[in-house]
Amino acid sequence: MPADALRTPATVLVLQGGGALGAYQAGAYSVLARKIADFDWLAGISIGSINAAIIAGAPAADRVKHLEDFWSTVSSGAASLAPVHLGTEEPQLARAAAAMMFGAPGFFTPRLPWPWPNGVGAQDALSLYDTGPLVDTLNRLVDFDRLNQGRTRLSVGAVNIRTGNFAYFDTATTRIGPEHILASGALPPGLPPIDIEGEDYWDGGLVSNTPLNYVIETEEARDLLVFQLDLFSATGEMPRDLLQADARAKAIRFSSRTRLNTDVAKREQEVKLALARLLARLPDGFCDEPDLRLLSAHASLRALNIVHLIYRQAGHEAFGGDYEFSRASVNQHWQAGAHDAARALGHPQWEELQAGVINIFDPTNLDPARREKLATPHVTPASRRAAE
């Protein structure tokens, strides 16, 4: 790292929501953890909050193992009994349909019979699935005492159903339990709302599927090295049929325009840097001006690095990829995350954190020759268990 770097930065892992695609984040973390043993801060939405809780709630040596356990569990159900050939849409549709009919072990099960409109009005009439199994899974894989008392900060986002306002549950101010993780991933109408202290919450992705802005706005003083792992790409091809149109619309909706957000964050930080440099050149007599005191509160010389990894869906993932919990797809997503993380860490740009510099690094822009050079094989949850 350059000699003029600021003090040791806070390392942050930002995890977007995306259901079954979240195995991409687990695979990426399995590689990132070799370089960064302990992140200072984990922030997640929906499946990102589940992955983050599993990481924060386990000893460093067990984190990847616990992620493997979770993804092996949820991909062990009926979806894995459907055709497994990758590369065409039909098998993927069958596996997605199996997950819809039978749920995912350790995660959610269907309510039978499914609730009807104008039903009894109870909480269980507001969703098609029950997430009781996820509570048991979280209690098995997550040490919530460690999660709340450890050095790693955890923030998960949800939406207050009554007010429509976004809310973050943050270990800096709140003791987080399984209910907060469930609330962050309670996407209607599939999953039920979660009551927390008399207020009901839905999935944070309804407002924003990426917690990057929360991290940047909450921590304005320290240098930040952010690894942002997104599961939906804002850019994509023109769809060719209705299924692809549905998938493309979902990607646009849940990508939360992250490239725009990172561009805005970069511009705001550039303004703060310019303001700090300008204020430093003013004569001392101006320091007591009320306007200057106001501006000084927004000036910043911190460094900001964002390493942006985005899962790129394959052409056959035209429908239901976010709830297609088959073993074949989970392994594919895990492998893609591990590959992209290795590619990012193999490039020096990710750690060029310098005073007064904002750097947004997207390794997907590396040239093809570089991508192949950095690509290395990685163990997936299923292949590791087969070897054992």
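## A bridge between Asp-145 and Arg-175

Asp-145 and Arg-175 join their side chains in a salt bridge, with N and O 2.7 Å apart. This pair connects distant parts of the chain. Asp-145 lies in helix α6, while Arg-175 sits in the loop between β6 (166-170) and α7 (178-184). They are 30 residues apart. The model is predicted.

How exposed are the two partners? Asp-145 is partly exposed, at 43% relative accessible area. Arg-175 is also partly exposed, at 49%.

## The chain as a whole

The chain holds 14 helices and eleven strands. It has 388 residues, and 52% of them are buried. Take the contacts between residues at least 6 apart in sequence: 75% of these join residues at least 24 apart.

The whole structure contains seven salt bridges. One of them pairs Asp-40 with Arg-151, whose closest N and O atoms are 2.7 Å apart. Asp-40 is in the loop between α1 (23-35) and β2 (41-45). Arg-151 is in the loop between α6 (144-149) and β5 (153-160), 111 residues away in the chain. Asp-40 counts as buried because its relative accessibility is 17%, under the 20% cut-off. Arg-151 is exposed, at 55%.

Asp-170 forms a salt bridge with Arg-153, and here the closest N and O atoms are 2.8 Å apart. Asp-170 is buried, at 1% relative accessibility. Arg-153 is partly exposed, at 22%.

Technical notes
Residues are numbered from 1 along each chain as its sequence is written. This is a predicted model: local features need pLDDT of at least 70, side-chain atom pairs count only at pLDDT 80 or more; totals for chains, interfaces and linings use all residues. Side-chain values use heavy atoms; hydrogens and water are left out. Helices (H or I, at least four residues) and strands (E, at least two) are DSSP runs, numbered from the N terminus. Buried means under 20% relative accessible area, exposed over 50%, partly exposed in between (1.4 Å probe, protein chains only). Contact means heavy atoms within 4.5 Å. A salt bridge is a side-chain nitrogen of Lys or Arg within 4 Å of a carboxyl oxygen of Asp or Glu.
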